[in-house]
Amino acid sequence: MTSDALLLQLLEDMPSAALLVTLERKILYANPAAESMLMQSDIELRDRILPLNFEADSLLGATGTLALPNGTELPVRHFNVPTFWHGNPVRMVHLEDVSALQGLQEKVAKFANYDTLTGLPNRSLLEDRLKQAFNLGQRNRGCLAVVFFDLDGFKPINDTLGHELGDKLLQAAAERFKQHIRPGDTLARLGGDEFVVVLPDLSHPSDAALVTERMLASIAEPFIIDNNELPISASAGIATTQLYDEQPLQLVRQADMAMFEAKKQGRNNYQWFDPKLDESTSRTLKIRHALKAGIEHKQFELHYQPQFDLANNEIIGCEALVRWNHPTMGMISPVEFISIAEDTGQIVTLGRWILRRACKDFAELRNRMLSDATVSVNISAIQLLRQEFVGDVETALKESKLPARCLVLEMTESVLVESPQLVSRKLSELEDLGVHVALDDFGTGYSSLSYLKDLAVDWVKIDRSFIQELTHDSQNAAITERIISMAHHLKLQVLAEGVETSAQRDYLRRANCDAMQGFLMAKPMPKPALIEFINDYQADAAFDDEREARTLLIVDDEENVHKSLRRLLMRDGYHILTASGVNEAFDLLAQNRVDVVLSDHRMPQMQGVDFLTHVRSMYPHTARIVLTAYQDEEVLSKALNEGEVFRFLTKPWDDEKIRQAVRAALAS
Ligand SMILES: Nc1nc2c(ncn2[C@@H]2O[C@H](COP(=O)(O)O[C@H]3[C@@H](O)[C@H](n4cnc5c(=O)[nH]c(N)nc54)O[C@@H]3COP(=O)(O)O)[C@@H](O)[C@H]2O)c(=O)[nH]1
């Protein structure tokens, strides 16, 4: 077989399109795959010019378009190699149809740059457009404005009427916004109910206000969606720069800050960015932006605060309280971030995590407690009102294998007033599951117990503000007693929050309050500390009453140590004596019946352990604890082993550990 015949056979059998052409692109031969791609037979194609430009010797592939006889263009990938045909130098051209790939690439590019719900540019395209507008503005010395819009009242609509309707509302809002922008402006959706408009090349910054006013007015017209009339508005913030000394993306942040200010001023209005916008706005925004990453990167943890039966001091459960340790901002209080998470709707994801974590942790902890001990989890109104909430609770219980009766969901009374019928239905569903419900911060809101009688609620938690003034303010005392007696009448149990002194505890006990929680007994603590606390804890209600008469002697040459320990331990009702050295301490021991001595180890006259050895022989019933800043482990362990001291604790100390150690020493 000649080499031409061999080449022809090879080309005929090839599944991909291949042609032989002259150096001037005149077609000499087209294989069957090329015939079908070019929509003409080999005979028809011969002597025609291949409708594709290519570089000679292009071994590396290139892309181009083939003009087809039906008038369309086909995107192809092609490469060519030199060969011989009937003794003449020619090119063998390979073609590959890449239209499907190109369509996919376009889709990917669209997906990456456009919001799928509204079809508007997304954050990434907004950034590109903003940078372009910024550069253009710098050249033309024109004015560029960024307006940040956030819909007012969108979240309750989305939460109560469903996401499908919420999506339609966002699409309709986008259409209304669009009507007010010019070609060259960019309207983008950043996610949720946040929209941003870039207005380049304004002749005056005040033009931005005119556009913003028109956009706000159009959103304030009610929307009719699926036969629902939805009253909604928007708040906006404007940032402009004529000097162009700012970073383009900085403008979005500034407009966001100004929008936040507009929300604070009462919604449905706009504010200009002012560099003097206070620190708290920028901190709130920082927190708002950091929340998403915080949730994704698991920066949250739960602390647990024990709750006690007032009749016998038994631990009856604990409240789960979320903590956020941010890598750069440090510890952020839930007082700051929970309301922001509620505003942004992120409480739903965060709350779901809290619920699952608390159930899981408590399933592991409960065998150390009473069989009916409970874990209480705070639930925001937004969570409760969502369709999937009861299902989420069921899942958390199933996953953790925690019995439903061990879970208490805490919600504030305001939730009952917002959507009474929906809430009543949800509470019944929760009751059917077997979980308990507590009304938190009771007394601060609507304070009417009458609406509780028809609702599936088990506990009322009296707010800390009443407890704080309980023993000094007759009105607070009267309200507290009334809440307790009415709640009991309705067969509800009562827990007092924020109990900080033994006087408050004793008062509540006399008023028949069922349970308490507060710094007097324990602060919120991480799970390992809670395990330690439960292991060391000894419940003895009778011991509380005696404790007020117990005397502690603190021996330390530092005045500050006296002050801090006195402040800490006074809360537990002890009588506190202090001495700056051992001589003074011996005098006080002689004059008073001292129950516990807390002594520093390194003192000028005598080492703490030696001092306590004397105390042991003179006052064997006085319990002895050493506080030390130094790790004289050998001496201290020996003293501990030989019974000279009951316990030694290190400086700086942990308040809870000292309180527990004193309690344990008194019980020993
Ligand atoms: N939706 C959710 N809300 C949560 C969650 N975790 C906390 N929160 C709410 O944040 C608010 C502040 O909580 P926190 O800083 O944790 O404060 C709690 C206790 O530390 C504090 N407390 C308890 N005892 C005392 C005391 O004796 N004195 C004193 N000054 N403070 C005390 O009270 C807070 C518990 O309050 P409550 O929930 O009302 O029982 C607070 O509103 C939390 O509800 C969460 O996971 N989800």
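Here is a short chat about a few spots in this predicted model.

User: Why is Glu 336 called partly exposed?

Analyst: Its relative accessible area is 29%. Buried means under 20% and exposed means over 50%, so with 29% Glu 336 counts as partly exposed.

User: And where does Glu 336 sit?

Analyst: You'll find Glu 336 in helix α11, which covers residues 334–344.

User: What makes the link between the side chains of Glu 336 and Arg 283 a polar contact?

Analyst: The distance there is 2.7 Å. The cut-off for a pair of N or O atoms is within 3.5 Å, so the Glu 336 and Arg 283 side chains qualify.

User: Which residues does Glu 336 touch, leaving out those up to four places away in sequence?

Analyst: Arg 283 and Ile 287. Ile 287 is 49 residues from Glu 336 in sequence, yet their C-alpha atoms are 8.5 Å apart in space.

User: How do you know that β1 and β5 pair?

Analyst: Pairing takes at least two bridges, and 5 bridges join β1 (residues 17–21) to β5 (residues 88–97), so they pair, running antiparallel. Ala 17, for instance, stands opposite Leu 95 in β5.

User: What is the strand order in the open sheet?

Analyst: The 5 strands go β2-β1-β5-β4-β3, with antiparallel pairing.

User: Why are β2 and β3 said to stand at the edges?

Analyst: β2 (27–30) and β3 (62–67) each have a single partner strand, so one side of each has no neighbour in the sheet. From one strand to the next, the twist averages 40°.

User: Which helix packs on the sheet?

Analyst: Helix α1 (residues 3–13), touching β1, β2, β4 and β5. The direction of α1 makes about 160° with that of β4.

How values were computed. Residues are numbered from 1 along each chain as its sequence is written. This is a predicted model: local features need pLDDT of at least 70, side-chain atom pairs count only at pLDDT 80 or more; totals for chains, interfaces and linings use all residues. Side-chain values use heavy atoms; hydrogens and water are left out. Helices (H or I, at least four residues) and strands (E, at least two) are DSSP runs, numbered from the N terminus. Buried means under 20% relative accessible area, exposed over 50%, partly exposed in between (1.4 Å probe, protein chains only). Contact means heavy atoms within 4.5 Å. A polar contact is a pair of N or O atoms within 3.5 Å; within protein, one must be able to donate a hydrogen and the other to accept it, and residues adjacent in sequence count only if both atoms are side-chain atoms. Axes are lines fitted to C-alpha atoms, for helices over the stretch in contact, and angles run from 0 to 180 degrees between N-to-C directions.
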